[in-house]
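Have a look at the structure first.

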Amino acid sequence: MPIRRAAATPPAQEKAPSAAEEREPEASDEESPSPDEEQAASSAAGAEDGEGENSGDAHPDKNEDDAEEEGAEDEKKDEKELKDGYKYEKSKTKKVKRTIPAWASVTASKNIPVTNYAGTQCRVDSVLIEAIMSSKDKAGISFQSLMKYILKKYPNMELDKKKKFLIKKAMKKHVEKGTVKQLKGKGLSGRFAIGKKPPPSKKGRQKQESLGDALPLIFTRLCEPKEASYTLIKKYLKQHFPNFNIENRPDVLKTALGKAVEKGHLEQVTGKGAQGTFQLKHSGKDAQLKGSTLEDAITVAIVAMNEPKTCSATSLRKYLIDSNKDVKEHLVVANLKRTLTKCKVLGWMKQLTGHGLSGTYGLSFPYYPSPKILYPDNFKELPKKPTRRRHTADSSDEEEEEEDGVEENKKTEKEEPAAEKQHKPSLWSPCFYSRAGKEVYSYVGEKITINEGLDSYAGMIWPAALALCHYLDTHQDRWSLVDKAVLEIGAGTGLLSIVAALLGGWVTATDLPEVLSNTRANLSRNTRGRCRHTPQVAALTWGQDLEHTYPSSVYRYDYVLAADVVYHHDFLDELLVTMKHFCRPGTTLLWANKVRFGSDLVFTENFHKAFNTSVLAEDGEVKIFMATSREGSKETD
Ligand SMILES: C[S@@+](CC[C@H](N)C(=O)[O-])C[C@H]1O[C@@H](n2cnc3c(N)ncnc32)[C@H](O)[C@@H]1O
């Protein structure tokens, strides 16, 4: 059946990569929910909690912090409000917008000291007050000057739209409460000064920081077993321990891994030699850091990069009770219950088994804490150092960096030869936070540079993408993509689409709208002037409005590519629907996947039922499947 190539252009809202501006990926706009969203989640959490349970601890219209602050007295009040049913009923109908939690963003993981539960709103508030207090002018400070002050003093705050909105909102609240005085003008115009002191919080104690923000770190520590692949360990070391120069000396890491296995510190659970997955032995909740420094770094890398991060509610409960001895046990448990439900409603966590406070939970977003966050006692901050010029591990460009909060490990520095040390950034320099890492690959005889970020699944290159890139590159005779219409779903960084475009395909790379800026930049950088057809980038959310956005009469593809799109997420049904939508008679679907969870196997079974399938190749734990439409085979039969 002929394919209408012109029609295989993606929907109009996305520009072709050639027209797209090349820029670094932005931090997510949705780092944390707005207060309204939090409120809605708390309401829904309350509603969920209330289902057939004794939910005296779950006030549907309160956030967890307030509820915890007010303690047992208010619980009685909550019960009353729940019994009259009004708020409960109302909360049930409130729609909760799912957001990406603050801890899932790389920049946020630097700003939020998860160890002591700090939250974004608190930070915005205190920065705002500090900015107002910085003005010595009796006539007060204008909102613009205040923003300028914040921008200069806290460049890492990344004053994107959302943060500006939060600051404006905080300002309005302070003016309403009288804690900030508006000396002149209306709204945000005019001038501001510090007003009356805020009243001390109830019971005269500091407001507790959010347990929701702390849970990811607790999950990271409690999750067992802890394991990570060689690739992920290497990535983490490259980003956080640049002094080991692992990028140029992978043999050092391979030897260290081998030794750690020999010593019984690690167990190699899959693969052979260095190319496999390594598990920490006797890790406990706080893996002991001892032995050579590279060994320590490997331990930290495994703990941080271990996926999936899951934890039983029982261990969480025990951990929190043990570490909050001064708080009444029932309050700790109530707070945990409320927080878990809220995180579930917001989509930050999934309950993998059980119900309520039984069973197991897992983080829905990637969370890779830095060594400093993970082991604050071992990796302390040193005082600020002056600005100096240095070479980064990622590129040969010499860059000037403010070494704010630089950490270092003296033991390691001693071991390093002086000559090498001179050219290396200091051990704990936070370059990883300031820009995403770059990975360089070689396919189709071309060097491909991919900008990665650890802030979402889409920001990383997954093993199945590498397997499929290699397979397509080495099987061009069997699968010629030249002048073929190719669609990739869940393209992430776009590496596979780049390879397909270099192989001559007419490629459309698709993914969720919020991750496309990085996809587009990677495609643009690596394909400009190198391909027969300029690849396109388009938004495609699995299962959503497919017939409307991509009508099957118009969008027909020779190939549909998908790599590592099956993992622990809620959209496996939608994914299959999407595959079916695009894999029509005449289309070949190539799906590469690494099996990780039981749900992956269920998907694979449904995949086999939906299509004519065969396994094209197996590369370690990754399988490459080929599928064609069953309708097609009926027609040809
Ligand atoms: C594990 S990553 C794999 C990325 C890339 N294919 C690779 O192998 O490197 C999964 C990708 O699927 C995308 N994704 C997840 N849920 C999606 C959905 N509901 N609709 C569209 N894309 C989705 C993610 O944004 C991410 O890019």
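The axes of α18 (residues 463–474) and α19 (residues 495–502) cross at roughly 10° and come within 9 Å. Axes here are lines fitted to C-alpha atoms, for helices over the stretch in contact, with angles running from 0 to 180 degrees between N-to-C directions. Helices (H or I, at least four residues) and strands (E, at least two) are DSSP runs, numbered from the N terminus.

Before going further: this is a predicted model, where local features need pLDDT of at least 70 and side-chain atom pairs count only at pLDDT 80 or more, while totals for chains, interfaces and linings use all residues. Residues are numbered from 1 along each chain as its sequence is written, and side-chain values use heavy atoms, with hydrogens and water left out.

Back to the helix pair: on the α18 side, Ala465, Leu466, Leu468, Cys469 and Leu472 meet Leu495, Leu496 and Val499 of α19, contact meaning heavy atoms within 4.5 Å. That contact of α18 with α19 has eight nonpolar residues, no polar and no charged ones. For these classes, Ala, Val, Leu, Ile, Met, Phe, Trp, Tyr, Cys and Pro count as nonpolar, Asp, Glu, Lys and Arg as charged, and the others, Gly among them, as polar.

Now for another pair. Helix α8 (residues 211–222) packs against helix α12 (residues 313–323) at an angle of about 110°, with the axes 11 Å apart, so α8 and α12 are roughly perpendicular to each other. From α8 come Leu211, Leu215, Ile218, Phe219, Arg221 and Leu222, and from α12 Ser315, Leu316, Tyr319 and Leu320. The contact of α8 with α12 has eight nonpolar, one polar and one charged residues.

Which residues come nearest to the ligand? Of the 19 around it, they are Trp462, Gly490, Asp511, Trp542 and Ala563, where a residue is near if one of its heavy atoms lies within 4 Å. The shell divides into 13 nonpolar, three polar and three charged residues. Three polar contacts (pairs of N or O atoms within 3.5 Å) are listed here:

| Residue and atom | Ligand atom | Distance |
|---|---|---|
| Trp462, polar backbone atom | oxygen | 3.0 Å |
| Gly490, backbone N or O | nitrogen | 2.7 Å |
| Asp511, polar side-chain atom | oxygen | 2.5 Å |

Taken alone, the ligand exposes 590 Å², and the protein buries 96% of that (Shrake-Rupley method, 1.4 Å probe).

Finally, the backbone. Most residues other than glycine have a negative phi, and most peptide bonds are trans. Glu224 and Pro225 are joined by a cis peptide bond, with omega about -10°, and Pro225 sits in the loop between α8 and β4 (227–229). Another cis peptide bond joins Glu307 and Pro308, with omega about -5°. Asn245, not a glycine, has a positive phi of about 50°.

Methods:
Parallel < 35°, antiparallel > 145°, perpendicular 65-115°, else oblique. Polar contact = N/O pair within 3.5 Å; in protein donor to acceptor, adjacent residues only side chain to side chain.
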